[in-house]
Amino acid sequence: MEDPSRTDNSPTAALNLEKIRSDSDGSMSGMVTGLFNQVAQGNPYFAAGGGLMILGSGLALARSGIIRLSGLLYRQLLVDLEIPSKDKSYLWFLEWMAKHPHRSSRHLSVETNFIQHDNGAVTTKFSLVPGPGNHLIKYKGAFMLIKRERSGKMIDMTNGAPFETVTLTTLYRDRLLFRDLLSDAKNLAVKSKDGKTVVFTSWGPEWRPFGQPKAKRLLPSVILDQGIKQSILKDVKEFLNNGKWYFERGIPYRRGYLLYGPPGSGKTSFIQALAGELDYNICIMNLSEANLTDDRLNHLMNNIPERSILLLEDIDAAFNKRAQSSEKGFQSGVTFSGLLNALDGVASSEETITFMTTNHPEVLDPAIMRPGRIDYKVFIGNATPYQLGQMFLKFYPGEEKLCKEFVDRASALNVPISTAQLQGLFVFNKDAPESALAMVETLKHPNHVF
Ligand SMILES: Nc1ncnc2c1ncn2[C@@H]1O[C@H](COP(=O)(O)OP(=O)(O)OP(=O)(O)O)[C@@H](O)[C@H]1O
Ligand SMILES: [Mg+2]
């Protein structure tokens, strides 16, 4: 280091030890400072490296500062709302957004709806809902960033669909608009079902809408014997108006109805019309279904969509089976005790109206008749003369004279006639009351094919 014969471009060549010694006060620290000053000032490489280092660390500091600041601003100025796909409002929101006019979306997904008309024709409607990705909308003057994300790994076990979330981001000051937006989305969804009855059927462990919501069946279109409709309707309404009474006494807020009688007498049709009248949806479950087990029945009965009537069809199927069989290699069929447990176990904070139907009341075990399981039971029979007349007039309004003749001749046949049979005869003779009258003999055969 002290060798002055070293080449000039050696980094140490410029060190002047004498100067350091004379500049410093002779102490060690003074000499080290002097040495540093010389190296830093006199060495171009070192000076450049130092400068870069300072610049680099300055930039890094600035960067982390910006990140922190933007995080802070984000937290202070923006709000997020997350809607997971499991939530009810998820589909409402997507539908709402599909119809929202002020949006910019580059990613769209298609959702196809089939609408089946009464004459069997099918119309298809596509709605383009926002697909996974980012979208920008303007709602009531505020901009909102919508991010729809699909989790690649997580799968919703109940329906096998990938788990998704939609995140809405907007300015903190506009956060109250989230509430308005969600209620708009809900109102839109409810409006599209206005005047309709949604029929749910069981799909694995959950209830799913069966097709599109159907136009409500009107109560007057179902013709039961005199007074039956009115008394059931009165009972159900009374039940619905007495929630407080039940809660105050700690009684489970549920009521079971049994409609029994021969096939084609209007049991199912009446329950559907009743649901329409009360503005309820309907959950239909057939107990004779092969792969329905006690566990599934119990789970489904305890997870009924709100404002729905539960309809258990063919409850006699459970009475033929005392134990679950495993004929097909898996446990199948609902057992009698499974049905009783499910009926007893239904404990919802909402009202539960259960309707049960059967063609074979004679096989029912008296245990099911206990109040709390079945509280109200009605026989819905074959057509009485009153029903014969009402059905005739429903199809041929104003034909009183022919109606009387029809009732006389049909009654004279002296055979049981179901209302479904009458419907068959009248549909075949649309707008032709005379021909219906002429064909009255066909009613002798319950399975007559026109
Ligand atoms: N009382 C009735 N009033 C009007 N239509 C009826 C009546 N009974 C039956 N129908 C008609 O007959 C068809 C079958 O009726 P529904 O399914 O309601 O009978 P059901 O009593 O439930 O029969 P099942 O016991 O076989 O289930 C429907 O299309 C319905 O419109
Ligand atoms: Mg039925």
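**Notes on the predicted model**

1. Helix H8 is followed by aspartate 279, and the phi of this aspartate is positive, near 65 degrees. The model is a predicted one. A positive phi is worth a remark here, as aspartate 279 is a residue other than glycine. Aspartate 279 lies in the loop that connects H8 with E13. Is aspartate 279 buried or exposed? Aspartate 279 counts as exposed, because 12 C-beta neighbours lie inside 10 Å and a residue with 12 or fewer falls in that class.

2. Aspartate 314 is not a glycine either, yet its phi is positive, at about 55 degrees. The loop that holds aspartate 314 runs between E14 and helix H10 (336-345). Aspartate 314 has 16 C-beta neighbours inside 10 Å, so this residue counts as partly exposed.

3. Some totals for the whole protein come next. The protein has 14 helices and 16 strands. It contains 450 residues, and 25% of them count as buried. Of the contacts with a separation of 6 or more, 66% are between residues 24 or more positions apart.

4. Helix H8 covers residues 267-278, which makes 12 residues. From its first C-alpha to its last, H8 reaches 17 Å, close to the 16 Å expected at 1.5 Å a residue. Which residues of H8 are buried? They are Lys267, Phe270, Ile271, Gln272, Ala273, Leu274, Ala275 and Gly276.

5. The buried residues of H8 pack against several elements. One of these is a helix, H6 (228-240). The strands in the list are E8 (196-197), E12 (254-260), E13 (281-286), E14 (308-313) and E15 (352-358). Three of these names, E12, E14 and E15, return in the points on strand pairing below.

6. Strand E12 is mostly covered, with seven of its seven residues buried. Arg254, Gly256, Leu258 and Tyr260 point one way from the strand. Arg255, Tyr257 and Leu259 point the other way, and these are buried as well.

7. E12 has two pairings to note. With E15, E12 pairs in the parallel sense over seven bridges. Two examples can be found in the structure: tyrosine 260 has threonine 358 as its bridge partner in E15, and tyrosine 257 has phenylalanine 355. E12 also runs parallel to strand E16 (residues 376-379), to which four bridges join it. Which residue of E16 is the bridge partner of leucine 258? The partner is lysine 377.

8. Strand E15 is mostly covered too: seven of its seven residues are buried. Thr352, Thr354, Met356 and Thr358 point one way from E15, while Ile353, Phe355 and Thr357 point the other way.

9. Threonine 169 sits in strand E7 (residues 162-171). Threonine 169 and leucine 81 are 88 residues apart in sequence, but their C-alpha atoms are 6.4 Å apart in space. Leaving aside residues up to four places away in sequence, threonine 169 touches Leu78, Asp80, Met144 and Leu145. Threonine 169 counts as partly exposed because it has 16 C-beta neighbours inside 10 Å.

10. Lysine 214 belongs to strand E11 (residues 214-215). Lysine 214 touches Lys196, Thr197 and Val199, when residues up to four places away in sequence are not counted. Why is lysine 214 partly exposed? There are 17 other C-beta atoms within 10 Å, and a residue counts as buried at 20 or more and as exposed at 12 or fewer, so a number in between gives partly exposed.

Terms used: Residues are numbered from 1 along each chain as its sequence is written. Chains are lettered from A and ligands numbered from 1 in the order in which they are written. This is a predicted model: local features need pLDDT of at least 70, side-chain atom pairs count only at pLDDT 80 or more; totals for chains, interfaces and linings use all residues. Two residues are in contact if their C-beta atoms, placed from the backbone, lie within 7 Å. The expected span of a helix is 1.5 Å times one less than its number of residues. Two strands pair if DSSP finds at least two bridges between them.
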